[in-house]
Every structure is written in C-alpha cells, then in structure tokens.
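Grab a pencil and work through these exercises with the model open beside you. Each task comes with a solution in steps.

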Amino acid sequence: MLDLGAHDPVPMAAVAPAGPALLDVAGLHAWYGESHVLHGVDLNVRQGETVCLLGRNGAGKTTTLRSILGVVGRRDGRVSFDGRDLTRMPLHGPARAGLAYVPENRGIFAGLTVAENLMLPPKVAEGGMSVEEIHALFPNLKERRLSPGTKLSGGEQQMLAIARVLRTGPKMILLDEPTEGLAPVIVQRIAAALIQLKARGLTVLLVEQNFRFARRVADRFYVMEGGVVVDAFRSDEVEGRLDRLHELLGV
Amino acid sequence: MDARPTDLMPAAAVPARRSDFNRALYTGLAVLGLACIVAAPFAIYPVFLMKILCFALFAAAFNLLIGYVGLLSFGHAAFFGGGAYASAHALKVWGWPPELGILFGAAVGALLGLVMGFFAIRRQGIYFAMITLALAQMVFFVCLQAPFTGGEDGIQNVPRGFLLGGLIDLSVNLNLYYVVLAITAFGLFAVWRVVHSPFGAVLQAIRENEPRAISLGYRVDRYKLGAFVMSAGLAGLAGGTKALVFQLATLTDVAWQMSGEVILMTLLGGIGTLPGPVVGAALVAALEHYFATSSFPVTIITGLVFMACVLLFRRGIVGEVLHRLRRR
Amino acid sequence: MTTIFGVPIQALLGQLLLGLINGSFYAMLSLGLAVIFGLLRVINFAHGAQYMLGAFVAWLLLEHLGIGYWWALLVAPLVVGAASLVVERAALSKLYDLDPLYGLLFTFGLALTIEGAFRWQFGAAGQPYATPDELVGAKNLGFMVLPIYRGFVVVASVVICLAVWLLIERTKFGAYLRAATEDRTLVQVFGVNVPRLLTLTYALGAGLAGLAGVLAAPIYQVSPLMGSNLIIIVFAVVVVGGMGSIGGAILTGYALGVLEGLTKVFYPPASSIVIFVVMAAVLLVRPAGLFGREG
C-alpha cells in the first residue's frame, strides 16, 4: 500500500521492511515559534514492531513525537498512520485513529484520582486492556486508585501513564522516555511490562536515552541528530555499531 | 518584517533615509495638527472640544499604565471622578482659585491611586483588572453616600472663576479652551517624558518580562506603584479640569461605565501609542455627542466597537497606521 | 422583645435571610464565573448580562406566550446557554491564544451591547414578575415570618450549587473539565474534543447565570441593568475566594452575602462596601484568595 524506503535518506537495505508501515513519516519539518527544530525527519514503524529513537538531548526526538501528533507551532511534511493523513486532523484526531501518547513528563493530572486518570482517555477501539488486566499488570495502581494522581511515586506515575492508554485499545503507542529518573528496579519492571505488551502485538515508537533499556525492548533503532535521522539499524546489528553509537550518543 | 524596497527609494537607501523621512513626516503632521487645534474653537463648539481634551488627558493617563506597564486598570473612573469631586468642592465650597482647585483634584486622584494601587499591585493580569474595578466601585458607593458629593445630584454650578488672580476670565469659553489645551498638553508631555525616562524604560522592562526585571534587582512593586500613582494623578487632573469646564461633578464621573469608556478610547486609538488615546477620545466623544439627543442607547454602539476592536483591530487606529508605515 | 447587641432579633434574622438570598445569587454567579475561568481562562464580564437575560426570557415567556415560572426555569437557561454557545464559537474561541485580558474586554463589550439593546427595547425601568402561585405566601416559623419564595430560592440555590459541584467532581464530564484545566493540549491529544468541551463549558456557565436570573425575577424587578452592578460584587467575591476552587467560590458567595446582611443591621451605610473592604483585607493577608492556589 505504501511505498516504503523510497524517500528514506539513509540506506535502509539492512532494515528492509517486511510489511506495510503502520506509521510512516516523511520529510517532517517542525517549528516552535520562529525556531526551526526538525529538518525533514523520515521514519516508519511496522505493525507489531517496537522502534526506538536514540539521540542526544536536543536532537529532536521528543519534538518528532509531538510533531507526529500535531503538538507543535507549525509542521510540514507527511505523517500517515494506518493509511490516514494525520496532518489533516484536529489535535484529537490521531488518538481516535488509534495512536496513543505517553508524554515525557508522564502527564498525570493532579486534580484527578488515580482511577480518574486511568479512565480519562476515551476508548477508541475494542480490544483494549480491561481494568482488571491493568491492575494485574500494575498492582500498585489498584491499591492507590483513590489517591490523587500526582501523589504516586515516579515509577507508579509512569505505570499509570502507560496503563491509561492501554485501556483505550490503541493500535500504536508513542512512548517518550519512560525510564527517565526512575530507579533500576522500576526500569526492570517497565521493561518487563513492555515486553509483555509486545507479545500481545502492540506497536511502539519509543524515545529513550537509556540505551541498555532500549536494547532489551526495541526491534529497530533510529539515531537522530540536529533534527534529522542520521542512522538506522536493527537490534541484531547493534554489536557492530557500538563504536559509532558511542560517538553519536556519547554513551 | 523584511524591509522591502518601496517604489520611492532604492533598497539600499531605505534604512538610513527612513528615519529622516519619518521625522519630517511627524514634524509636518505635528505642525499641521497644532495649527488645527489652535484654530479649532473658531470652527467647532469649544465646550465639545474641551470635553475631548479632558478625555484625551484621561485616556493618556490610563494608557501610561496599560501601554507601558501592561496593567489593565478597570477602575480609573475613581481617579477621574474623585478628581472631579475634589476640584468641584474646592472651587465651589472653599472658593479656591481655579489653578489650585484643579491641582487639588490631581492631588486627590494621586492619593486615591496610592491607596488603590497599594492593594491592586499585589495581583497581575485579570486579577488586577477585577480588583481595580471592585475598589473603584467602593469609591462609587462612598461618593453616593458621602455628605459632600451631593448624592444623585452631584456638585452643580461650580464657578469657573478667574485665572492668575483675576487676569483671565474663564467663564469665556475661548479663554478656558486655551487653558484646557495647555493643561492637556502638559499632561501629554508628562506622559511622554515618563515613558522616555529611565523610569519608563524600567516600566517597559517589567511589562516585557517581570521575573527578569525582578532578577535584575529592580523593586518592581515600587515602580508599578509609582506608575499607578502618576496615572491616577493625571486622571485626577483630567477629572478636575472636566469639573471646571462643565461646572459639574456627578456620579457618572466615578461610575464603572466611565472606567470602561477610557479603556475603549485607548483601545480604539491604540494601546501603547502616544497619539492613540487622543484619537480614541475624540472618536468616542464624537460618538456620544451624536447619540446624546437620540433615545438609542450609545452603549449598544460602544459595546459593538469594543468587540470589533478586540476581534479585528487590537492595535487600534494609530497602532495600525504605525504598523503599516513601519512595514513599508 | 429579645435583642442582640441592642438589635431586635426579628430584624437580625430578617437581614440574615436577605443576606442569605443575596449570598445565594453571589454563590451561583461566582460558581459559573469560576467554572468558565478555570477552563477558558476568560473572565466572563457578560455574566451579569446573561443573568439579566435569564430573567428577561422568563418575563417574555410569561408576557407573550403565557408560559409560567416552572417552564421558564428550564427554558430560560437553555436559551441563554444556546445564545452563549454561538458567541463562544463565533468570537470568544478566537481569543484563547491571546492575553486573557482580551477575553475580559470582549465580554465587557458584549455586556454593554446586550444591556443597551434591552434598555432600548424595554426601557430602563424594572418589570415586575409575579411569584408562582405554588410559592406565594409566608410561613410563620415562630421566631420570624419567612416568605415561602425566598426560602425556596435559598434551597434551590444550594441544590443547584451542589449539583454543579457533583457534576464537576464526580462525573466523567467533570474529569475532562478538571484535566483540561490543568493541561488542555494533553487532554485533546488523548482524543477528547477539547474545543467542544470549551464551548459546552461556556454555555454551562452562562446557562447557570440565566437560571439564577429566573430565580431572581420574582424577588428583584426584571430590569436591563439588574446584572451590571451585581457582577462587580461577584468579581470581588471571586477575588476573595480565589479562582482555584469550585467549593471555595460557593462558600465565599454565601458567607459574603450573610456578612453584607449583618452589616445592614449593625452599620447600614457600610453595607454596600463591606464586600470590597473584605476583598482589600484578603488581598493584604492572602493575595491568592482564601481558597486560591497559585500566587
């Protein structure tokens, strides 16, 4: 259906697509006010994949996620999701098309209880997780369902932020830095949860600084720098690229 | 905005020549305007012109606050009306000469400004607007009940008197016109002087970025209060002058509608421009004059103008003209 | 006769009731103002005009269509809400990205126009609106005589405030509203049609003002200017309570109404300014308001 790779600036032979892309981004530019932040981002994510955006601070990873959703001052380029053009939709369009978002700061509402936070995003399709399943995956959320959302620990807030969108039955999740500022034990639990979700067939586009975490969960990687994608590879190619990654990411 | 070459001048010469051109333009306009203003009372009813001048001064005082400190006062009627009552009382009951009576009005305006400003500057933005409105309403109720304001009737038949110890008879409209013109010119000059002083520079820095001004070590509250008192004092001066012209001070002068009117004049003329309030005052006064004799409530029109300004015309007339000139 | 501080208890209770009735209107109006401000960041200066509009719709229904009070309680808020919905869509929604002061100025102009238009059509004098038959009369409570309609207004206002509070604190719509008050963009990214939520919220707040107007019609005269002086007092109430809390707006409304009533007993000349004095005092002690959060 979609002609993949034709517009990719980076040689993609190594990551030849096996099926049609669920999310396809081409030549994406974005501006915050007068400052031009993205300079033509190209990437795609296929059904069932977990793809990770790597890059230093300020490389444009978070902006890429926000531009896909339309939360920037101005954007230009093509963003298609499940065969639909997201750039023509109002801000609430992508979610209804099945694209869920877990923001960088987790976006837990202080004025809502844990349960209300969990139930906030409207259901977009059948087949989302039930509240029981979510409570089984993240038991803490059940215990603390009546406390204000922001009274949770950082890890619990992250779990809530993820659980919140799983309930709505999305086709794909945009996940921004889920491990930021969390203790290693919690990071382990979030990784386990992500692997479990992957097994259920969920598609994920992940932004991550924690490369060790990303390596455990991602199938493919894009590396961003200066508002463009500068490298792309599969997880089984990571070993051969460690030197270059050190150079690009400073890890 | 890119500097596009105009048809008149080659592109390279535009930046250097433009300021010369602008200066010549402004000087020309100023001379023309001055000539018109001096000759105006021979063509137009002087009392109407004096009304415009009083409102122009009032609006310029208001503009000092909204245009250069970014504070929207919704209570300036308190200073205008307070000044009017004070002057009227001093002229009529105490028999003061007009120059002192008007100064007394300005002083009372400034004093009210000091008290109201002390409370109002504790909040910003819309809260500031609501607080000034509420405090001004309090002044209104005090004026309604206080023994010296004459209640619903106000203070009537205020004597205009003689200026400079009997030298100039102010009951002659033409004489009074030039006096009012001088007062207004002084007030506008004072606003101009304040805006272009180091004090004014700090005020504008506060408007642009208050936290930054604080971090630079400025006592922001004092600057705001200072500007508030100056603005209130000039509004009191306008009110006192108005009481002298119309020989009247009434509840209309302190009512919230008056606060709304001065906002409209400034918004319509152009917030943050020096000539804007004058233009706005003239237009609003003309509008009211036109509807004064009809049964059609002028507030329908003023309300519509308000909405149109906010939706389509936020720079105001003078602001829009300056913007177009700058773009050329 | 029993007296308290030299004031006959009958007079005291009478003024207390009057204060409570005024407080009922302060509470309902400041509640609507706070709901609108919370989400839209707009100080709705037209709130007083919308209150007047509610009363006038009730009066017009009765005069021209013979539709009585109970139907007016339903129809008038819907009419006011629908008219406000159009205003929000056509104009107010264009101002959300600007300084909130523009919203205040726009609604101020709107209030001037609406009030001017009604004054032009119906004159400045008040029109009487008859108390509904079911609520005519008075009840002797032993310690005082209570006009039934006034008692009804106090009870109705409590019920209305409670219902709105429940709507906001306990329903899904309320959860959207609270969440959007914190982060409008994120709520929309989650798939909620936030522009529509804003429109509905404005219509809800305005409809609430219209409902208060119908309740007021039999007590005060129905006049074009009945809302404009009230709205300034309600602004002061809102400053005292702080915008942050729905419950705070309600409580402050009743409390200041009662305080005003008491002032009328003990020192009548101060009764028209006592709320403003309280506002000034609160600004000194707690600039954010009694229930306010941010500074």
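**Exercise 1. The core.** Which residues touch the most other members of the largest nonpolar core?

Some ground rules before the solution: this is a predicted model, where local features need pLDDT of at least 70, side-chain atom pairs count only at pLDDT 80 or more, and totals for chains, interfaces and linings use all residues. Residues are numbered from 1 along each chain as its sequence is written, while chains are lettered from A and ligands numbered from 1 in the order in which they are written.

*Step 1.* Settle the terms. A residue is buried if 20 or more other C-beta atoms lie within 10 Å of its own, exposed if 12 or fewer, and partly exposed in between, with C-beta atoms placed from the backbone. A nonpolar core is a set of buried Ala, Val, Leu, Ile, Met, Phe, Trp, Tyr and Cys residues joined through C-beta atoms within 7 Å.

*Step 2.* The largest core has 273 residues, and Ala134(B) and Leu135(B) touch the most other members. Helix α2 (residues 46-68) of chain B gives this core its largest share, 17 residues; helices (H or I, at least four residues) and strands (E, at least two) are DSSP runs, numbered from the N terminus.

*Step 3.* Leaving aside its neighbours within four places in sequence, Ala134(B) is in contact with Ile232(C), Phe235(C), Ala236(C), Val239(C), Phe276(C) and Met279(C). Here, contact means that the C-beta atoms of two residues, placed from the backbone, lie within 7 Å.

**Exercise 2. The interfaces.** Work out which chains meet, and what each side of chain C is made of.

*Step 1.* Two pairs of chains are in contact, and chains B and C share the most contacts. No contact joins chain A and chain B; their closest C-alpha atoms lie 12 Å apart.

*Step 2.* Take chain C against chain B: 33 residues of chain C are in contact with 33 residues of chain B. On the chain C side, α4 (100-122), α9 (228-241) and α11 (274-285) give two or more residues each, with the largest share, 16 residues, coming from α4(C). That side splits into 26 nonpolar, four polar and three charged residues. For the classes, Ala, Val, Leu, Ile, Met, Phe, Trp, Tyr, Cys and Pro count as nonpolar, Asp, Glu, Lys and Arg as charged, and the others, Gly among them, as polar.

*Step 3.* Now chain C against chain A: this contact uses 15 residues from chain C and 18 residues from chain A. On chain C, α6 (172-182) and α7 (184-189) each supply at least two residues, and α6(C) gives the largest share, five residues.

**Exercise 3. Chain B as a whole.** Describe the fold of chain B in numbers.

*Step 1.* Count the elements: chain B has 13 helices and four strands.

*Step 2.* Check the size. A compact globule of 328 residues would have a radius of gyration near 20 Å, and chain B agrees because its value is 20 Å (taken over C-alpha atoms; the globule rule is 2.2 Å times the number of residues to the power 0.38). The C-alpha trace spans about 65 × 50 × 45 Å along its principal axes.

*Step 3.* Buried residues make up 48% of the 328 in chain B.
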